[in-house]
Amino acid sequence: MKASNKHIQKVLAYLKDKDDAISAAQYNTLLNRMNESQVFSTYMASLPEEERNEDVYYAARDAARFLAGKLPLSAMILDSDDDNETEVDDTVTIKRSQLEDILKRLERLEKKVGIRKVDRIAILANKTPDDLISRLEAIKWIGCGKSTIKRWALSGAITQYTSGGNIYYSKSEIRKSLVYQDYKGKSYGNGQMENESRGNQTQAGGFEGAAE
């Protein structure tokens, strides 16, 4: 079933006052009732490669899927009433021994086909960090869209933790992840690299002086 006009108008009102590129792309997609093919043409196929923004494209595609009824209202509005309900519906409870068996089988499969090992969805108590934040808190802290952080977790770039049907992320793990550093313009580590470069130059100068 396609999204109702009431829900579409609710999302448009939610996005209207936002000034980021992702919200603007979603607003345009909803306003013009674009389908996924039109979104791909607008934000990928028709643009030069250097002007393409995957985050913007995926966000616009989410909006098109919402129009088609493939995504719930909670995928578009983070604090909507049905967000918690959606998370609970997606939760499957299994025994710890079953989970460990699944992870072992998956690891063997990865080795067999030669793909890289990715982080698992961590739900075991002894693997839970003490700096967890909710998905909404993580999105606000990073400044990204819901589709972006979900894509990072699904790709294994960051670890997703679940408890009671809710989803959490480790703030320190996100900060150390490559996807976060790329998203923030690789601001983390640049200062240290510059200092190390200056130190190397000073050391090199000392060696040259000694050689003379």
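Thr29 lies in helix α2. Helices here are DSSP runs of H or I with at least four residues, strands are runs of E with at least two, and both are numbered from the N terminus. Thr29 is buried, with a relative accessible area of 0%. Buried means under 20% relative accessible area, exposed means over 50%, and partly exposed lies in between (1.4 Å probe, protein chains only). Not counting residues up to four places away in sequence, Thr29 touches Met34, Val39, Tyr43, Ala60, Ala63, Ala64 and Leu67. Contact means heavy atoms within 4.5 Å.

The structure is a predicted model, in which local features need pLDDT of at least 70, side-chain atom pairs count only at pLDDT 80 or more, and totals for chains, interfaces and linings use all residues. Residues are numbered from 1 along each chain as its sequence is written, and side-chain values use heavy atoms, with hydrogens and water left out.

The protein chain has eleven helices and three strands. Along the sequence, these elements follow the pattern α-α-α-α-α-α-β-α-α-β-β-α-α-α. Of the 212 residues in the protein chain, 31% are buried. Contacts between residues at least 6 apart in sequence were also examined; 60% of them join residues at least 24 apart.

Helix α2 (residues 21-31) packs against α4. The axes of the two helices come within 8 Å and cross at roughly 35 degrees. Axes are lines fitted to C-alpha atoms, for helices over the stretch in contact, and angles run from 0 to 180 degrees between N-to-C directions. The crossing of α2 and α4 is right-handed. A crossing is right-handed if the near helix is turned clockwise from the far one by less than a right angle, and left-handed if anticlockwise. On the α2 side, the contact is made by Ala21, Ile22, Ala25, Gln26, Thr29 and Leu30. On the α4 side, Asp55, Val56, Ala59, Ala60, Asp62, Ala63, Ala64, Phe66 and Leu67 take part. By class, the α2 and α4 residues in this contact divide into eleven nonpolar, two polar and two charged. Ala, Val, Leu, Ile, Met, Phe, Trp, Tyr, Cys and Pro count as nonpolar, Asp, Glu, Lys and Arg as charged, and the others, Gly among them, as polar.

Arg33 is found in the loop between α2 and α3. Its phi is near 50 degrees, a positive value in a residue other than glycine. Most residues other than glycine have a negative phi. Arg33 is partly exposed, with a relative accessible area of 39%.

Helix α3 (residues 36-45) also packs against helix α4 (residues 54-67), at an angle of about 160 degrees and with the axes 9 Å apart. The angle makes α3 roughly antiparallel to α4. Angles over 145 degrees count as roughly antiparallel, under 35 as roughly parallel, 65 to 115 as roughly perpendicular and the rest as oblique. α3 passes α4 in a right-handed crossing. Glu36, Val39, Phe40, Tyr43 and Met44 of α3 make the contact with Val56, Tyr57, Ala60, Arg61, Ala64 and Arg65 of α4. The contact of α3 with α4 has eight nonpolar, no polar and three charged residues.

Ile77 is found in the loop between α4 and α5 (83-89). At 5% relative accessibility, Ile77 counts as buried. Leaving aside neighbours within four places in sequence, Ile77 is in contact with Lys10, Val11 and Tyr14. Ile77 and Lys146 are 69 residues apart along the chain, and their C-alpha atoms are separated by 9.0 Å.

Lys146 belongs to helix α8 (residues 146-155), which packs with α7 at an angle of about 110 degrees, the axes being 10 Å apart. That makes α7 roughly perpendicular to α8. Arg135, Ala138, Ile139 and Ile142 of α7 meet Lys146, Ile149, Lys150 and Trp152 of α8 in this contact. The contact of α7 with α8 has five nonpolar, no polar and three charged residues.

In helix α7 (residues 135-142), the buried residues are Arg135, Ala138, Ile139 and Ile142. Seen down the axis of α7, these residues fall within an arc of 100 degrees, so they line one face of the helix. The arc is that of the directions from the helix axis to the C-beta atoms. α7 is followed by Gly143, whose phi is positive, near 85 degrees. The buried residues of α8 are Lys146, Ser147, Thr148, Ile149, Trp152 and Ala153. Gly156 follows α8 and has a positive phi, near 90 degrees.
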